[in-house]
Amino acid sequence: MSKLTVYQYPKCGTCRNAVKWLQQQGHELELVHIFEQPPGEHELADLIAKSGLELKKFFNTSGEVYKEMQLKDKLPAMSDQEKIALLASNGRLIKRPIVTDGTRVTVGFKAEQFQESWGGQ
């Protein structure tokens, strides 16, 4: 099994479900507390590119910080570099969990997506 890096928040139910699922598949996990050690700007840019997702999918749009900062209205006017810098500066803004093996990246937890990406390795 491959070693996976999981950016997660231990008190997040979605993160706990994702970690449990990955452990049941036999993966070795490096758990990174996303609030204490959010990925830096270069790493985030790399994760976004490898995920194949739009940058906006990396924002935790249901989080308190996102709402307090009124980012729904502000993000459209920001450049991608500004958005990445904002994410890197506050792990609470990043959708979680982020799982990577260095080549593939998933964001959030959906069993079907995990099965496709991380099942039966």
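**Reading the sheet and its ring cluster**

Modeller: Let's start with the sheet: four strands make up an open sheet, ordered β2-β1-β3-β4, with mixed pairing. Keep in mind that this is a predicted model.

Colleague: Okay, which strands stand at the edges?

Modeller: Look for strands that have a single partner. Here those are β2 (28-33) and β4 (105-107), so each has one side left without a neighbour in the sheet. On average, neighbouring strands are turned by 15 degrees against each other, ignoring direction.

Colleague: In what sense do β3 and β4 pair?

Modeller: Strand β3 (residues 98-100) pairs with β4 in the antiparallel sense, over three bridges. For an example, find V99: its bridge partner in β4 is T106.

Colleague: And which strands does helix α6 touch?

Modeller: α6 packs on the sheet and touches β1, β3 and β4, with its direction at about 170 degrees to that of β4.

Colleague: Now the rings. How many aromatic pairs are there in the whole structure?

Modeller: A search finds four. To read a pair, check the angle between the ring planes: over 60 degrees counts as edge-to-face. Take W21 and F114: their centres are 5.6 Å apart and their planes at 80 degrees, so this pair is edge-to-face. W21 sits in helix α1 (residues 13-24) and F114 in α6 (residues 111-118), so the pair ties together parts 93 residues apart in sequence.

Colleague: Are W21 and F114 buried or exposed?

Modeller: Both are buried. F114 also pairs edge-to-face with F109, since their planes are at 85 degrees, with centres 4.8 Å apart. F109 itself counts as partly exposed, at 22% relative accessibility. Put together, ring pairs link W21, F109 and F114 into a cluster.

Technical notes. Residues numbered from 1 in each chain as written. Predicted model: local features only at pLDDT ≥ 70, side-chain atom pairs only at ≥ 80, totals over all residues. Heavy atoms only, no water. Phe/Tyr/Trp six-rings, centres within 6.5 Å; stacked < 30°, edge-to-face > 60°. Helix = DSSP H or I, 4+ residues; strand = E, 2+ residues; numbered from the N terminus. Buried < 20%, exposed > 50% of the residue type's maximum accessible area, 1.4 Å probe, protein only. Pairing = 2+ DSSP bridges. Axes fitted to C-alpha atoms, helices over the stretch in contact; angles between N-to-C directions. Contact = heavy atoms within 4.5 Å.
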